[in-house]
Amino acid sequence: MSTLVIAEHDNQTIKPATLNTVAAASAIGGEVHVLVAGHNAGAAAQAASQIAGVGKVIHADGASLADGLAENLAAQVLALAGDYSHILFPSTASGKNVAPRVAAKLDVAQVSDITKVVSPDTFERPIYAGNAIATVQSSDAKKVITVRTTGFDAAAATGGSAQVETRDAVADSGKSAFVGREVSKSDRPELTAAKIVVSGGRALGSSEKFQEVMTPLADKLGAAIGASRAAVDAGYAPNDLQVGQTGKIVAPQLYIAAGISGAIQHLAGMKDSKVIVAINKDPEAPIFSVADYGLEADLFTAVPELVHQA
Ligand SMILES: Cc1cc2nc3c(=O)[nH]c(=O)nc-3n(C[C@H](O)[C@H](O)[C@H](O)COP(=O)(O)OP(=O)(O)OC[C@H]3O[C@@H](n4cnc5c(N)ncnc54)[C@H](O)[C@@H]3O)c2cc1C
């Protein structure tokens, strides 16, 4: 039994979601190998070899893998799949783009979004926006799995010393081409990897107020900024800040929700946070039912006071 983890990386560094996925692979047992498929990705392969618990890094390097096109990456995984009982992807936008292609080609049922390994063939995964946990047993010979990264503590990024094995990159499928990428630049920590997240809701009322109230708090705490879907839909915050069922799943050490009611779709994205602080002027707001600390207050006075005190 051995497991192949598909690394998420930018050809230089390994993205944190890979570390949680390695932890899930370690929980399955057996050898853990990591595939770094990219172009000029030697630095990322070296970084992967340092991850604790990794037995081998497979480094496939070529122009076809430069931009993470799902068709080519899936073909690369399929070229290696014969050697593995389990193939694990982080449950990120990229992982969710590639894993179903691999599962379909292998003619197996994908097990999605696992949060716990019960045994090598049995896994837990949240359903109904996290309101129930399903235990799923797979009888497929090969298991293609996506891992909800907040369900597993990250493997240590250093301490390992795996050998790096080079493999030929697959040929370009010709089915898609990379056109361009617009990446939002921010000095803040990435939302899904941040230790502290401060999120604003519809109560902020405008994009200007969202900036004016939430940014100083994030700056003071060195936090990432998140938002409810209502705030995003209203244009107060950009789409990539949305936390929740249809946004990002976060589990920071500290999550501060300001002017967010706590709809189940929002809770689905943050209720595994270690400490939750809610600021809301409605004492009946559902967010208080998951909050460790609740402040019944007007956020327009409470948040600046917090910034002042912190
Ligand atoms: C299929 C589906 C998927 C969804 N996915 C998501 C998702 O991923 N993420 C998500 O967030 N939502 C999601 N939603 C939407 C969700 O149901 C809620 O509509 C949304 O979360 C509400 O956002 P909100 O809490 O900011 O706004 P509201 O529900 O309007 O709440 C605003 C809160 O602010 C409080 N408030 C108002 N003024 C102040 C003030 N001055 N000071 C302090 N508190 C104040 C109010 O008491 C209220 O509790 C989804 C819905 C559906 C149907």
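**Basis**

The model is predicted, local features need pLDDT of at least 70, side-chain atom pairs count only at pLDDT 80 or more, and totals for chains, interfaces and linings use all residues. Residues are numbered from 1 along each chain as its sequence is written, and side-chain values use heavy atoms, with hydrogens and water left out.

**Overall form**

The protein chain contains 8 helices and 15 strands. Helices (H or I, at least four residues) and strands (E, at least two) are DSSP runs, numbered from the N terminus. Along the principal axes, the C-alpha atoms fill a box of roughly 60 × 40 × 40 Å.

Of the 310 residues, 48% are buried. Buried means under 20% relative accessible area, exposed over 50%, and partly exposed in between (1.4 Å probe, protein chains only). The accessible surface of the protein chain is about 14500 Å², and carbon and sulfur atoms account for 49% of that surface. These areas come from the Shrake-Rupley method with a 1.4 Å probe; for residues, only the protein chains shown count as cover.

Contact means heavy atoms within 4.5 Å. Among contacts between residues at least 6 apart in sequence, 64% join residues at least 24 apart. The protein chain carries 24 positive and 31 negative side chains, and the centres of the two sets lie 2 Å apart. Lys and Arg count as positive and Asp and Glu as negative, while His and the chain ends are not counted. Each charge is placed at NZ of Lys, CZ of Arg, CG of Asp or CD of Glu.

**Domains**

The domain assignment gives domain 1 (2–168) and domain 2 (191–309). Their contact takes 6 residues from domain 1 and 8 residues from domain 2. The C-alpha centres of domain 1 and domain 2 lie 31 Å apart. Domain bounds come from an automatic or database domain assignment.

**Helix 1**

The buried residues include Ala17, Leu19, Val22 and Ile28. Strands packed against by the buried residues of helix 1 include strand 1 (2–6), strand 2 (31–38) and strand 4 (86–90). Strand 6 (116–119), strand 7 (122–127) and strand 9 (143–147) are also among the packing partners. Gly29 follows helix 1 and has a positive phi, near 95°.

**Selected residues**

| Residue | Relative accessible area | Class |
|---|---|---|
| Phe123 | 1% | buried |
| Arg148 | 14% | buried |
| Val117 | 14% | buried |
| Asp113 | 17% | buried |
| Asp107 | 67% | exposed |

Val117 lies in strand 6. Leaving out residues up to four places away in sequence, Val117 touches Ala24, Ala27, Ile28, Thr122, Phe123 and Phe152. Val117 and Ala134 are 17 residues apart in sequence, with their C-alpha atoms 12 Å apart in space.

Phe123 belongs to strand 7. Beyond residues up to four places away in sequence, the residues that Phe123 touches include Ile28, His86, Val111, Val117, Ala134 and Ile145. Phe123 and Leu241 are separated by 118 residues in sequence and by 29 Å from C-alpha to C-alpha.

Arg148 sits in the loop between strand 9 and strand 10 (163–168). Setting aside neighbours within four places in sequence, Arg148 is in contact with Ser91, Asp113, Ile114, Thr115, Pro126, Ile249 and Ala268.

**Positive phi at two aspartates**

Most residues other than glycine have a negative phi. Asp107 is not a glycine but has a positive phi of about 60°. Asp107 is placed in the loop between helix 4 (93–106) and strand 5 (111–114). The C-alpha atoms of Asp107 and Asp140 are 9.0 Å apart, and the two residues are 33 apart in sequence. Asp113, also not a glycine, has a positive phi of about 65°. Asp113 is found in strand 5.
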